[in-house]
Amino acid sequence: MATDRPQSRGGGEPTEISVPSETILAVHSFFSHRRHAQIMTFSICVREEYETDRGDRHRRFGVAVTTRLPGVGTLCPFVSDRGAVATQSLVNVDLGARGLDYIDDGLAVDDALQALLNADDGAPQRQLHGVDGETTFAFSGTECVDEYGHREGDHYTVAGNMLTGDAVLEATAEAYAANAVHDATDCSTGPRAVTADVETDPLAKRLIDALAAGDLEGGDKREELSVQSAAVVVETTESHAVEPPYNDLRLDATETPIADLRATYDLAKRGYRDTLAQYEGAFNADSLDAASE
């Protein structure tokens with residue numbers, strides 16, 4: 001084992017973590033092929049643990065993001081059924097991709113992302129945050145563009161840069177926390193979200209609402225940039241014969257990203273309901289003969 005010494009999240013004394021030496025060597029090698037893009041933005045990463053009405057325990061992870069540039073969904077959000085990562089500011093896409101790979105391999109999110117940052121010469125210009133099944137991590141480099149910063153909750157993180165002010169982060173975090181479904185029973189998963197009378201919205205909808213709250217506080221301050229984008233991605237350990245299509249949505253070029261993402265979500269939800277009505281039997285039986293007329 002080799003020892004790396006990342007900066008602590010609170011800005012105090014560094015804390016020592018143990019990272020396999022082969023991991024550190026791989027990270028340093030990998031960054032010789034890194035890819036960059038400039039994305040000034042704000043985003044939220046979350047973990048929710050829930051129980052279905054059948055008593056089954058599950059976890060889900062999600063990222064929602066918006067920015068005043070096109071194509072943010074291709075660069076920033078990385079999600080699996082074991083974690084969620086968002087990479088932004090002067091984006092290094094591989095921080096997200098490799099970070100999620102390490103989480104999927106069992107490395108804790110703080111160890112994984114800090115090791116990657118330690119190997120990245122451009123770390124002062126990065127923002128990187130995320131969650132795994134147990135903890136959270138958030139980093140804002142000192143060379144990010146004002147206003148920038150991040151927030152960490154018990155099971156979520158929020159980060160942004162080039163914002164109109166700190167209120168953007170606060171509003172995003174507060175809107176999500178007020179509607180979080182964590183350590184609770186959730187009957188609104190999978191098909192039941194569109195076929196039953198349920199009290200809670202799917203995570204994708206609640207993440208879009210959190211972005212909307214931040215945007216109402218000003219969001220990204222670059223008003224001269226009219227072409228914008230937004231994305232939401234959710235993964236869960238729960239599986240269904242027909243998976244909800246609204247768990248992976250992107251608007252790559254629009255002047256009204258959050259309103260359009262919400263409209264796309266509404267259409268995807270309606271389409272999910274229609275798909276279930278006509279084809280759920282076919283998916284369950286793995287036969288088109290079971291499709292409804």
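I take the expected span of a helix as 1.5 Å times one less than its number of residues. The model I am reading is predicted.

**Entry: α6, span.** I looked up helix α6, residues 203-216. It has 14 residues. I find 20 Å from its first C-alpha to its last, close to the 20 Å expected at 1.5 Å a residue.

**Entry: α6, burial.** I counted buried residues, meaning those under 20% relative accessible area. α6 is mostly covered, with 11 of its 14 residues buried. My list opens with the run Leu-203, Ala-204, Lys-205, Arg-206, Leu-207 and Ile-208. Ala-210, Leu-211, Ala-212, Ala-213 and Gly-214 complete the list. I then asked what covers the buried residues of α6. The cover includes the strands β4 (41-51), β5 (57-67) and β13 (228-236). It also includes the helices α4 (167-178) and α7 (257-285).

**Entry: α6, what follows.** Just after α6 I noted Gly-218, with a positive phi of about 125 degrees.

**Entry: α2, span and burial.** Next I looked up helix α2, residues 93-104. Its 12 residues reach 17 Å from first C-alpha to last, close to the 16 Å expected. α2 is mostly covered too: I find 9 of its 12 residues buried.

**Entry: α2, ends.** Which residue caps the N-terminal end of α2? I found Asn-92 there, with a side-chain oxygen 3.1 Å from the backbone nitrogen of Asp-94. After α2 comes Gly-106, whose phi is positive, near 110 degrees.

Key. Residues numbered from 1 in each chain as written. Predicted model: local features only at pLDDT ≥ 70, side-chain atom pairs only at ≥ 80, totals over all residues. Heavy atoms only, no water. Helix = DSSP H or I, 4+ residues; strand = E, 2+ residues; numbered from the N terminus. Buried < 20%, exposed > 50% of the residue type's maximum accessible area, 1.4 Å probe, protein only. Polar contact = N/O pair within 3.5 Å; in protein donor to acceptor, adjacent residues only side chain to side chain. Contact = heavy atoms within 4.5 Å.
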